[in-house]
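I opened the notebook to go through this structure piece by piece.

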Amino acid sequence: MTHRSDLSTEAILQSLRAQRLGCRIESHAEIDSTNLEAARRARDGAPEGTVVLADAQTQGRGRLGRTWVSPPGCNLYCSVILRPDLPPADVPLLTLVAGMATAETVAEWVAEGVAIKWPNDVVIDGRKVAGILSEMECDGRGVQFAVTGIGVNLNAAADDFPPEVRKLATSIAEASGRAVDREAFCARLLSRFDDAYDLLLRQGFAAVVPLWERRDGLRGRRVQVRDGSERIEGLASGLGPRGELRLETASGLRQIVAGDVNVIEGYRLRG
Ligand code: BTN
């Protein structure tokens with residue numbers, strides 16, 4: 001049965017250990033999308049580290065224009081405003097950094113099978129438990145702000161998802177058999193994201209790569225990448241220096257910057 005409770009910003013702030021993230025946390029009962037709300041706040045001048053949470057989203061946004069199913073009272077829908085001194089082309093690194101922090105946080109609740117599927121999925125035994133969506137606004141001077149949105153299925157039950165999503169998705173509660181305290185999870189996630197973001201800013205993405213690769217569920221797997229009408233097949237072999245997916249193909253090494261990845265039948269995503 002789905003576990004439901006209200007989100008308390010006080011409880012999150014009590015256990016949050018962060019330098020930048022969570023300087024302000026606002027929590028909404030229902031909103032169109034925490035990413036959209038965070039972007040509105042950022043345009044109004046909200047500082048880096050502002051966090052927008054919602055109990056439910058009516059227009060939860062996924063990658064490539066997809067919808068993020070956002071039932072009330074059970075999951076985490078969280079967006080963080082960032083103002084990094086990075087070129088626009090490096091903003092996708094925020095997704096990888098947040099994905100690594102999310103996977104490590106999920107692994108505190110679920111001991112086995114937690115992996116990252118490049119670029120933005122966190123899976124448990126191959127089923128999606130979390131997704132990351134980073135969006136940005138730039139002007140002639142560079143990145144004005146970025147919003148990194150993280151959705152984690154914490155306590156959703158199978159019937160909280162539409163039928164077409166049920167087989168592909170899971171929640172921490174489903175995988176572990178125990179209800180998740182949303183505030184405790186959110187505080188750990190923001191603390192870990194804060195650490196990983198700090199590492200990115202101080203030491204560059206190269207320092208993040210080995211940590212990310214420890215959770216890489218695709219490495220050593222035969223995959224097919226679909227980017228528009230293009231289909232590329234090869235052996236996934238970790239991350240390039242700008243966060244690209246390295247693919248050993250019949251015609252040599254390719255660095256994939258965008259696309260949907262599927263593990264080829266007969267090969268399992270590593271957990
Ligand atoms: C994906 O896997 O396609 C990315 C999903 C990102 C979902 C989160 S939920 C919080 C934030 N608000 C949104 O509208 N989307 C992100």
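I began with a term: two strands pair if DSSP finds at least two bridges between them. Helices (H or I, at least four residues) and strands (E, at least two) are DSSP runs, numbered from the N terminus. With that settled, I looked up aspartate 139 and found its bridge partner in E7, glycine 142.

I noted the ground rules next. This is a predicted model, where local features need pLDDT of at least 70 and side-chain atom pairs count only at pLDDT 80 or more, while totals for chains, interfaces and linings use all residues. Residues are numbered from 1 along each chain as its sequence is written, and side-chain values use heavy atoms, with hydrogens and water left out.

**Entry: the seven-stranded sheet**

I traced the order of this open sheet as E1-E2-E3-E7-E6-E5-E4. Its pairing is mixed. I found strand E1 (24-31) and strand E4 (114-117) at the edges, each pairing on one side only. From one strand to the next, the twist averages 20 degrees. For such angles, axes are lines fitted to C-alpha atoms, for helices over the stretch in contact, and angles run from 0 to 180 degrees between N-to-C directions.

**Entry: strand E7**

I followed E7 (residues 142-152) on both sides. With strand E6 (residues 127-139), E7 pairs in the antiparallel sense over ten bridges. A hairpin of two residues links E6 to E7. Further along, methionine 136 has alanine 146 in E7 as its bridge partner.

Is E7 enclosed or open to the outside? I found ten of its eleven residues buried, so E7 is largely enclosed by the rest of the structure. Buried means under 20% relative accessible area, exposed over 50%, and partly exposed in between (1.4 Å probe, protein chains only).

I then turned to H6, which lies across E1, strand E2 (50-57), strand E3 (76-82) and E7. H6 runs at about 30 degrees to E3.

How do helix H3 (residues 92-109) and helix H6 (residues 182-203) pack? I read an angle of about 140 degrees, with the axes 9 Å apart. H3 and H6 are therefore oblique to each other. Under 35 degrees counts as roughly parallel, over 145 as roughly antiparallel, 65 to 115 as roughly perpendicular, and the rest as oblique.

I listed residues in contact (heavy atoms within 4.5 Å). In H3 they include Leu93, Val97, Met100 and Trp109, and in H6 they include Phe185, Arg188, Phe193 and Leu200. The residues of this contact divide into 15 nonpolar, two polar and four charged. Here Ala, Val, Leu, Ile, Met, Phe, Trp, Tyr, Cys and Pro count as nonpolar, Asp, Glu, Lys and Arg as charged, and the others, Gly among them, as polar.

**Entry: the five-stranded sheet**

I read the order of this second open sheet as E11-E10-E9-E8-E12, with antiparallel pairing. Strand E11 (252-256) and strand E12 (260-263) are the edge strands, each pairing on one side only. The twist here averages 45 degrees from one strand to the next.

I checked strand E9 (residues 230-239) against E10: the two run antiparallel, joined by three bridges. Alanine 236 stands opposite leucine 247 in E10.

**Entry: threonine 249**

I located threonine 249 in strand E10 (residues 245-249). Is threonine 249 buried or exposed? At 15% relative accessibility, it counts as buried. Leaving aside neighbours within four places in sequence, threonine 249 is in contact with Ile232, Glu233, Gly234 and Arg254.
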